[in-house]
Amino acid sequence: MSDEQLSRAPVPDRAEDDAFFPSAYSLTKYTSSKTDFDGTTYPKPYTGGKWKILMIGSQERYLMMKGGEFFSTGNHPVEMLLPMYHLDAAGFEIEVATISGDPVKLEWWAFPHEDEAVRATYKKYEKQLKQPKKLADVIGEGFTAETPYLGVFIPGGHGVLNGVPFSKDVGDILHWAQANERFTISLCHGPASLLATVVDGGKFAYEGYEMCVFPDSLDTGANIEIGYIPGPMAWLVGENLRKYNVKILNTGITGQVHRDRLLLTGDSPLASNNLGKLAAETLLKAVNA
C-alpha cells in the first residue's frame, strides 16, 4: 500500500471517549524511524558541576479540541530528547519537572526507534521522565541569583498546551530567567509556554521578540486535512503570541532556529537537532566567557 492509499482518518484511542491519535497517513508525513542527528560531539564539555538545565515537560496527554474531541498527544519525543542529547553531551545535568509532578507524557507514536542518540537519551532519563519533580517543589521559596539553572528547556508537542501556558509557576520561572540572564529554550508548540508570564496579571516577558514557532496555518489547515489532529484547535499559539508584538520568523517547517537575546527557538520537530546544537554551543560559550 502506498502512502497515498493510507487512511487520513484520525485513529480512535481506546483508552478515552472521543479521543484520537494521528491518522496513518499523517504519520508518514510527520514521523521517521531516524532523526537528522549528525553525530555532533562536544570535545570540551562543561565540567564545572554547578550549572544545570531545568526541563519542564507536559504531564497531560489529552488536549481538548474546539469541538470537544480529545487529541492523544503529549511532548514530541524528538523535540524533547534530541535537544536533551546535545545539552547532556555538552556536560549539563538536566533535571526534569512537570507542573503536577506526574510522569511526562510522550507522543510515543512519533518515537524514532532506530535512532540511537534518541534511544540512549530516553534510557538515561527514563526514570526522571516517569518520576519527575513537582514544579512547585523545585521552586520552593523562590529562585535567586544563586539558583543553578543556566537554562530552562520547554519542548513542544501539542500536549504543552495543557496547563503549561496557564501556570503561574512556569511564568515565575521564565520571569526569573529573564531577570537573571538565564536562557530559555523551546520549539514547535513549546513557545506557548511564554504566555505563562502574563498569568495573574504579569507582564509578558518577551514583548517584541523574534522567534520560531509551529505555524498556525498548519494547525488550521493541513493538520486537520490529513488527520494529524482530530479537529480545529481551541486556540492557536502564534495568534496569541502576536498579541504581544512577537515576530514569528517562519511560515513553514524547515528546521529553522533563531536566537533573540537569551531566547532560543525552533520551528518544529525538524529543528530538534539544530536547536540542540545551538543551545549546547551557546551555553558552553556562556560558561566559558
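**Entry 1**

I started at Y206: leaving aside neighbours within four places in sequence, Y206 is in contact with L174, Q178, T184, L194, T197, M211, V246 and L263. Contact here means heavy atoms within 4.5 Å. Before going on, I noted that this is a predicted model, where local features need pLDDT of at least 70, side-chain atom pairs count only at pLDDT 80 or more, and totals for chains, interfaces and linings use all residues. Residues are numbered from 1 along each chain as its sequence is written, and side-chain values use heavy atoms, with hydrogens and water left out.

For burial I used relative accessible area: under 20% is buried, over 50% is exposed, and partly exposed is in between (1.4 Å probe, protein chains only). Elements are DSSP runs numbered from the N terminus: helices are H or I with at least four residues, strands are E with at least two.

**Entry 2: H158**

I looked up H158 in the loop between β8 (149-154) and α5 (168-179). H158 counts as buried because its relative accessibility is 3%. Not counting residues up to four places away in sequence, I found H158 touching L63, F71, T73, G74, E107, H189, D219, N223, Y228, I229 and M233.

**Entry 3: Helix α2**

Helix α2 (residues 77-89) has 13 residues and reaches 18 Å from first C-alpha to last, close to the 18 Å expected. The expected span is 1.5 Å times one less than the number of residues. I found α2 mostly covered, with ten of its 13 residues buried; among them are M80, L81, L82 and H86. The cover over those buried residues includes β3, β6 (93-98), α3 (116-130), β8, β9 (183-187) and α9 (272-287). Just after α2, G91 takes a positive phi of about 100 degrees.

**Entry 4: Salt bridges**

I got eleven salt bridges in the structure, each needing a side-chain nitrogen of Lys or Arg within 4 Å of a carboxyl oxygen of Asp or Glu. R119 pairs with E116, closest N and O atoms 3.7 Å apart; these two are three residues apart in helix α3, so about one helical turn separates them. K130 and E126 meet at 2.9 Å, N to O, and they are four residues apart in α3, again about one helical turn. R119 is partly exposed at 42%, and K130 is partly exposed at 46%.

E210 and K247 form a salt bridge at 3.9 Å, N to O. That pair links distant parts of the chain, 37 residues apart: E210 is in strand β10 (residues 210-211) and K247 in strand β11 (residues 247-248). Last, I noted K52, E95 and K133 linked in a network of salt bridges.
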